[in-house]
Amino acid sequence: MPLDFAFSEEQELFRETLREFCQREIAPRAREMDTKMEIPDDLIDKMAEMKLFGLTIPEEYGGVGEGCVMATIAAEEIARADVSVATAVLFLVNAGWGFLLSRYASDKLKEEILPKVAEGKALIGIASTEPQGGSDVSGIRTKVERKDGKIVVNGEKVYISLVREIQRRGGGYFALGTSDPKLRHRGVTTFFLPLDAPGVSTTFFEDMGRNALSTGGFRLVNVELPEHYVIGEWNKGFYYAMEGFQFARVLVAAACIGCASRVLEIGMEYVKQRELFGKPLAKYEGIQFPLADDYAAIEADRLLVYRAAWFVDEMYRKPEASKEDLKKAALYSSLAKLRAPYDAYKACNDVQEWFGAYGYTKECDVEMAVRGVRSYSVGAEGGQNIMRIIIARELLGREYLPY
Ligand SMILES: Cc1cc2nc3c(=O)[nH]c(=O)nc-3n(C[C@H](O)[C@H](O)[C@H](O)COP(=O)(O)OP(=O)(O)OC[C@H]3O[C@@H](n4cnc5c(N)ncnc54)[C@H](O)[C@@H]3O)c2cc1C
């Protein structure tokens, strides 16, 4: 049996249809969205009509029931169209954390929220990071307690994507709290946090890039939620969160390769027509060599990203995933998230230089890409050293974890 790198007919058709949609509906509006700092409601509605928000939600809740490979195709195509990656982030956060909700939320919560997400009438985000540091997920301090048939939450979350969008359209967060900080990861409990619950007050941060999507935070003071909003088993939330990060990290890496591929195309078109010292820039080795290096890096990352997506789907396909399946999903999602943001950032930087001064203006889309992909190496969906720690853990064994 030969090794088969081809996508299935269904996957190819999905990519083609989506590329046509993204190029028609998203690409022409990317700059305006970045300037106005908003993804307009009519575009979110159109994305919902394309079933993008329901892609990873089971059919019984109005979704399409697809897994990580299809979501990876979607994240790549959306980022090709909006190289600021804002629209891709809107999609991928919902795809990743919507999928996790459908696996671990109570039936009652799933019935309440998932059909709305599938229709684009509610959005889902992830609320993990706190002011004392996002990397140490087992050290979170947001307190979650059971009281009189309810749960009560007190704490603070920062650098959280989609705060304004969820306030506007409804929905909430796959949120992490702790029943007892001393228990570290064994005390982490996950719950659904609607942003309109009494006791939630929001703040906003002004980011360097992916401007069309908001980043904010919230204080939680005696927020009371029904018991069925607990996601999965009490004190088991750390494991659900790690699973969700795995899924989302593959999609983040996919957005990076989609963005960088489009930016390299934009760069190639430009260097062929820009003439300096009597010939096109494209004829100079100083342009060709970084182009070759960047193209090679992004192509290698694409293989890594789809392999990671395949491992994630394999893990879910089996009724009982083996230790090896879990290891492969953890290792490859971290490898993809480690490489793709760096390589995409380098490619976008190189292309920005080919444009000279024009590349530094807001008329050139490449500057949006540079600002956008940078979010993925500074921290979004986990810092790069955390990826290295996970990779080393999978290669050397847990006994070599630094803590
Ligand atoms: C644009 C954007 C959107 C985001 N959206 C969300 C969101 O929707 N939800 C959410 O929960 N969070 C979100 N985040 C936060 C993100 O998850 C955190 O930035 C990330 O987890 C790192 O946490 P931190 O920023 O507090 O940095 P820290 O945890 O303070 O880490 C700082 C640096 O130290 C490194 N580091 C950490 N530990 C070690 C170690 N043991 N050894 C060596 N180096 C180490 C890290 O890699 C990082 O470079 C977002 C971040 C950004 C930039």
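Two strands are paired if DSSP finds at least two bridges between them; strands (E, at least two residues) and helices (H or I, at least four residues) are DSSP runs, numbered from the N terminus. The model is predicted: local features need pLDDT of at least 70 and side-chain atom pairs count only at pLDDT 80 or more, while totals for chains, interfaces and linings use all residues. Residues are numbered from 1 along each chain as its sequence is written, and side-chain values use heavy atoms, with hydrogens and water left out.

**View 1. Strand β3 between its partners β7 and β2.** Strand β3 (residues 150–161) and strand β7 (residues 215–226) run antiparallel and are joined by nine bridges. Within this pairing, Gly 155 has Leu 220 of β7 as its bridge partner. Strand β3 is also joined to strand β2 (residues 143–147), again in the antiparallel sense, by five bridges. Here Ile 151 of β3 stands opposite Arg 146. Two residues lie between the strands in the hairpin of β2 and β3, where Asp 148 takes a positive phi near 45 degrees.

View 2. Eight of the eight residues of strand β4 (residues 171–178) are buried, that is, under 20% relative accessible area, with exposed meaning over 50% and partly exposed in between (1.4 Å probe, protein chains only). Strand β1 (residues 123–127) pairs with β4 in the parallel sense over five bridges, and Gly 125 has Tyr 173 in β4 as its bridge partner. Strand β5 (residues 188–194), in contrast, runs antiparallel to β4, with seven bridges between the two. In that pairing, the bridge partner of Thr 178 is Val 188 in β5.

**View 3. Two residues other than glycine with positive phi.** Val 85, which is not a glycine, has a positive phi of about 65 degrees. Val 85 belongs to the loop between α4 and α5 (86–104) and is buried, with a relative accessible area of 0%. Tyr 159 likewise has a positive phi, near 55 degrees. Tyr 159 is found in strand β3 and counts as exposed, at 55% relative accessibility.

**View 4. Domain 1 facing domain 3.** The domain assignment gives domain 1 (9–123), domain 2 (124–231) and domain 3 (237–400); such bounds come from an automatic or database domain assignment. The centres of domain 1 and domain 3, taken over C-alpha atoms, are separated by 20 Å. In domain 1, 29 residues are in contact with 39 residues of domain 3, where contact means heavy atoms within 4.5 Å.

**View 5. The second largest pocket.** This pocket has a volume of about 600 Å³. A pocket is an open set of points on a 1 Å grid over the protein atoms alone, where a 1.4 Å probe fits, with protein on both sides within 12 Å along at least five of seven lines; lining residues have an atom within 4 Å of a point. Grid points are joined across faces, edges and corners, and the volume is the space filled by probe spheres set on the points. The lining comprises 19 residues, of which Asp 4, Phe 5, Leu 303, Tyr 306 and Arg 307 lie nearest the centre of the pocket. Elements giving two or more residues to this lining are α1 (9–26), α4 (68–81) and α9 (285–317), and α9 gives the most, with seven residues. By class, the lining has ten nonpolar, one polar and eight charged residues (nonpolar: Ala, Val, Leu, Ile, Met, Phe, Trp, Tyr, Cys and Pro; charged: Asp, Glu, Lys and Arg; polar: the others, Gly among them). The second largest pocket lies between domain 1 and domain 3, because both give residues to its lining.
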